Amino acid sequence: MKLTKNVGIPVIAVILIISFNNVRPGEAATVSGSSQNVIWYFFKMKFWTFWFNSDAEISEIDVQISASKSECVKGLVSKNNKKIIYLPTRVYEKFPNLIGYEIKNGVVKTIEYKHFEKLTELQLIDLFDNYISTISNDAFKDLTKLKSLNLADNVLKSIDRYTFDSVKNLRNLYLHKNQIKSVSIYAFDFLTELRNISLSNNKLESWNGDYLSENKKLEYIWLESNKIKDLNPTSFDGKSNLKYIDLQNNQCIDNFYYTASFSSMKEKIQASCQ
Ligand SMILES: *[C@@H]1O[C@H](CO)[C@@H](O)[C@H](O)[C@H]1NC(C)=O
């Protein structure tokens, strides 16, 4: 079914109402088509989700989603589609109220400002298992409500100073399973609401005492399976909610710590990591 610009909005509106009544969570509701993507609307997690099906393809830069504007679509999802090479641009024009954004198990390589531009309601971005190697400094600039950012299982080599400056409400930052060797000591400074950070399975060789110094609300820190050979434990000071630090499988220390044993943590780290 091909929709022209003029009839698109009423047709989609009717489809949404009909499907809403018939659809159970997680079930494909209905499909509307276009020359570029076949679009599935899903009723998922209590909100309407725009679902790229496995034929959807974005093999050129600056491609926009061809759908009618909808204020009730709150999720955008693609899983295991190896033809989405670029993220769509100007998504805000179609789905201004997007809350969740998941493009997982794909082949996306870069993230830029135009991909998340003006998506001010976004709370969750999940780009797990792609080939992301570059993130521009302003990529997340508009995302002041973002709570969870998953960039795990990509090929990032470093984390720069400005990448996370605007996502001030972030609670969870997942960066495990990359190739991260260097992290700016300022990289996480503005993430004062952060609860969880994972940097496990990377190539970190040292852990500076200034990392995470501003993240006082941290609860879980995963640093296992790196190559850390010197580690300054002052990095974990002043965090009264800290519950767990995992340092297993590094060069100088082979331990994980729950709150109960934090007192002995510093001594053990100092003994083995200098
Ligand atoms: C942080 O991670 C822990 C352990 O996986 C989890 O129980 C908790 O809900 C996470 N916190 C947030 C804010 O999601």
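Residue numbers start at 1 along each chain as its sequence is written. In this predicted model, local features need pLDDT of at least 70, side-chain atom pairs count only at pLDDT 80 or more, and totals for chains, interfaces and linings use all residues.

**Exercise 1. Confidence**

Task: Find where confidence is lowest and where it is highest in the protein.

Solution. 
- Start with the average. pLDDT is the predictor's confidence in each residue, from 0 to 100. The protein averages 82, and 82% of the residues score at least 70.
- Strand E1 (residues 28-33) has the lowest confidence, at a mean of 33. Helix H2 (residues 113-116) has the highest, at 98. Helices (H or I, at least four residues) and strands (E, at least two) are DSSP runs, numbered from the N terminus.
- Over residues 1-45, pLDDT stays under 50. The model has 61 contacts beyond four places in sequence for these residues. Two residues are in contact if their C-beta atoms, placed from the backbone, lie within 7 Å.
- Where pLDDT is low, predicted coordinates should not be read in detail.

**Exercise 2. Overall build**

Task: State how many helices and strands the protein has, and what share of its residues is buried.

Solution. 
- Count the elements. The protein has three helices and 18 strands.
- Apply the burial rule. A residue is buried if 20 or more other C-beta atoms lie within 10 Å of its own, exposed if 12 or fewer, and partly exposed in between, with C-beta atoms placed from the backbone. Of the 274 residues, 35% are buried.
- Look at contact range. Among contacts with a separation of 6 or more, 55% join residues 24 or more positions apart.

**Exercise 3. Strands E4, E5 and E7**

Task: Trace how E5 pairs with E4 and with E7, then sort the residues of E5 by face.

Solution. 
- Begin at E4 (residues 73-79). Five of its seven residues are buried.
- Move to E5 (residues 100-104). E4 and E5 pair in the parallel sense over five bridges. Strands pair if DSSP finds at least two bridges between them. Leu76 stands opposite Tyr101 in E5.
- Go on to E7 (124-126). E5 and E7 are also parallel, with three bridges. Gly100 has Leu124 in E7 as its bridge partner.
- Sort the faces. Tyr101 and Ile103 form the covered face of E5. Gly100, Glu102 and Lys104 form the uncovered one. In a regular strand, side chains alternate between the two faces of the sheet.

**Exercise 4. The nonpolar core**

Task: Identify the residues that touch the most other members of the largest nonpolar core.

Solution. 
- Define the set. A nonpolar core consists of buried Ala, Val, Leu, Ile, Met, Phe, Trp, Tyr and Cys residues joined through C-beta atoms within 7 Å.
- The largest core holds 65 residues, and Leu98, Leu122, Leu146, Leu151, Leu170, Leu173 and Leu175 touch the most other members.
- Assign strands. E3 (47-52), E4, E5, E11 (172-174) and E15 (220-222) each supply at least two residues of this core. The largest share, four residues, comes from E3.
- Beyond four places in sequence, Leu98 contacts Val73, Lys74, Leu76, Val91, Leu119, Glu121 and Leu122.

**Exercise 5. Loop residues**

Task: Decide whether Asn130, Lys118, Ser225 and Asn249 are buried or partly exposed.

Solution. 
- Asn130 lies in the loop between E7 and E8 (134-135). Asn130 is buried because 23 C-beta neighbours lie inside 10 Å. Beyond four places in sequence, Asn130 touches Gly106, Val107, Val108 and Asn154.
- Lys118 sits in the loop between H2 and E7. With 16 other C-beta atoms within 10 Å, Lys118 is partly exposed. Beyond four places in sequence, Lys118 touches Tyr92 and Asp142.
- Ser225 lies in the loop between E15 and E16 (230-231). Ser225 is partly exposed, with 19 other C-beta atoms within 10 Å. Its phi is near 55 degrees, a positive value in a non-glycine residue.
- Asn249 is in the loop between E17 (244-246) and E18 (256-258). Asn249 is partly exposed, with 16 other C-beta atoms within 10 Å. Its phi is also positive, near 60 degrees.
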